[in-house]
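Welcome! Please take a look at the sequence and the structure below before reading on.

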Amino acid sequence: MISETCIAPVNIAVIKYWGKRDEELILPINSSLSMTLSTDQMCAKTTAAASATFKENRMWLNGEEVPFEGNPRMQKCLDALKRLAEAEKSKRFPLEWKLHICSENNFPTAAGLASSAAGYACLVYTLANLYGVEKSELSSIARQGSGSACRSIYGGFVEWVAGIKNDGSDSIAIQVQPALHWPEMRVLILVVNDSRKKTSSTNGMLNSVNTSDLIKHRANVCVPQRILQIKEAIARKDFKTFGEITMRDSNQFHAICLDTYPPCAYMNDTSHAIVNFIHQYNETRGDVKVAYTFDAGPNACLYLLEEEVANVLSLLNKVFPNDNSENSEYVKGIPIDLQ
Ligand code: DP6
């Protein structure tokens, strides 16, 4: 038996990916931009083993067995890696050997945050090590597992360029700035408990592409401008501009979710209370000091600089007191560079 274990980081988008132009290849209608977080607080961990004695491919996710063969995204990633192994004549073990894969994440259970991004990035990286293949194509392979996963292959600030080609060869993730460029940047994740059933990102964005009018304006007009502006803001370390663009993009993304028919409301009352809190905080401080962004769920991700963290956390604890349920859990993330 031969095995490999790897961990992969979470990324939190400040310009959101929402909508596909190709469902099969997972090609987006707009570029997106994120920061990759250090793995000590949140990460996915995968162990993959190959053996001549395994009868079938099997997979466990957070301790529970999940179907492997029936999962087309997983199969696509595996097939792509095997093709690479064949092309590179990698001979670590015979390619017909079956695999056992154990994957887990250490995120707070209620968070459900960016789990597919870290999960698929980790799966693809671990399998690449197992098969002993070159790492250059891993981001594109991870993208075919889950779009946002292509950004978790790189550290620091990462852009996923939408591209225009039908074969997806120009839809790639690139590092915009290393983490060391802005090491004071922090992310606070506020876990907001919500038991209501959610529409997955995959289904939500498909519905938005099919029914929302606003999504076209965002993808064609707003996002291209924002990507340019936020990259300049990151280069200048201009938090005010970075924060404002981040909040506007999150707000517009959720407006699109409401413009979807039937609408999908990912944010709840607590999420909206957090939005109000942040705007009040910034008003009191006389500048944009904290920015919120929400993915396809009620949990808030706050971007802020280290100098602001203690103050914001102490106020958050007063305004949203921790009642020892999972209602208010804070996870702090810092930017990371990967090897
Ligand atoms: C709101 O990458 O989970 O988090 O490609 O269908 O797997 P699929 O979708 P996924 O969507 C993430 C959407 C988002 C925004 C983002 O991370 O950019």
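The report covers the model, a sheet with its helix, and the ligand.

## About the model

This is a predicted model, in which local features need pLDDT of at least 70, side-chain atom pairs count only at pLDDT 80 or more, and totals for chains, interfaces and linings use all residues. Residues are numbered from 1 along each chain as its sequence is written.

## The sheet and its helix

Let us begin with an open sheet of 5 strands, which has mixed pairing and runs in the order β1-β6-β9-β7-β8. Helices (H or I, at least four residues) and strands (E, at least two) are DSSP runs, numbered from the N terminus, and two strands pair if DSSP finds at least two bridges between them. Because β1 (2-9) and β8 (64-66) stand at the edges with a single partner strand each, one side of each has no neighbour in the sheet. From one strand to the next, the twist averages 20 degrees.

Strand β7 (residues 58-61) pairs with β8 in the antiparallel sense over 3 bridges, and Trp 60 stands opposite Glu 65 in β8. Helix α2 (residues 115-131) packs on the sheet and touches β1, β6 (43-51) and β9 (98-105); contact is counted when C-beta atoms, placed from the backbone, lie within 7 Å. The direction of α2 makes about 145 degrees with that of β1. Axes are lines fitted to C-alpha atoms, for helices over the stretch in contact, and angles run from 0 to 180 degrees between N-to-C directions.

## Around the ligand

Which residues are the closest to the ligand? They are Ala 13, Ser 146, Gly 147, Ser 148 and Thr 202, out of 14 residues that surround the ligand (C-beta atom, placed from the backbone, within 6 Å). Helices α2 and α4 (201-211) are the elements that give two or more residues to this shell.

Key
Contact = placed C-beta atoms within 7 Å.
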